[in-house]
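Trainee: I have a fold on my screen and want to learn how to read it. Where do we start?

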Amino acid sequence: MKLYAPTEYWNLNPEAKQEICNACGPKKWGWLVPNRMWGLDISEACNIHDYMYHVGRTEEARIEADRVFLNNLLRIIEAATGFNAAFLRMPRRRRALKYYEAVRTVGGPAFWN
């Protein structure tokens, strides 16, 4: 499964990635937002979103980062395998939409910082 991200994201060294990205949720209260959806690790989609917020400078860049986030979440969900993958696909999709709605609704201050 291939996630979409700017080329510069894939070229980050581990130190820069750790400085910019913190998986899901805000840096200060990230523990409030799970990095997993019913056992499925979504942290890479969150890290890409963090990076795109870090480099973005316009409202259009924020909108694109949020769309990429949702797209990457759905890619992760569709690529999931295992016993429960098909059974959990719909609840995970609904949760992905909730994550997307959350960044659209309350992500502005994080973007503009």
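Trainee: At what angle do helix 3 and helix 4 pack?

Mentor: Keep in mind that this is a predicted model. For a helix pair, read the angle between axes and the distance between them. Here helix 3, residues 43-55, packs against helix 4, residues 59-79, at about 170 degrees. Their axes lie 9 Å apart.

Trainee: Which residues make the contact?

Mentor: Helix 3 contributes Ala 45, Cys 46, Ile 48, His 49, Met 52 and Tyr 53. From helix 4, the list includes Val 68, Phe 69, Leu 73 and Ile 76, and also Arg 62, Glu 64 and Asp 66. By class, the contact has 10 nonpolar, 2 polar and 3 charged residues.

Trainee: How many helices and strands does the protein have?

Mentor: Count the elements, then read their order. There are 6 helices and 2 strands. Along the sequence they run α-α-β-β-α-α-α-α.

Trainee: What about burial and surface?

Mentor: Of the 113 residues, 39% count as buried. The protein exposes about 7,100 Å², with 57% of that supplied by carbon and sulfur atoms.

Trainee: And contacts along the chain?

Mentor: Look at sequence separation. Among contacts with a separation of 6 or more, 68% join residues 24 or more positions apart.

Technical notes
Residues numbered from 1 in each chain as written. Predicted model: local features only at pLDDT ≥ 70, side-chain atom pairs only at ≥ 80, totals over all residues. Heavy atoms only, no water. Axes fitted to C-alpha atoms, helices over the stretch in contact; angles between N-to-C directions. Helix = DSSP H or I, 4+ residues; strand = E, 2+ residues; numbered from the N terminus. Contact = heavy atoms within 4.5 Å. Nonpolar A, V, L, I, M, F, W, Y, C, P; charged D, E, K, R; others polar. Buried < 20%, exposed > 50% of the residue type's maximum accessible area, 1.4 Å probe, protein only. Areas by Shrake-Rupley, 256 points an atom, 1.4 Å probe, with all protein chains shown as cover.
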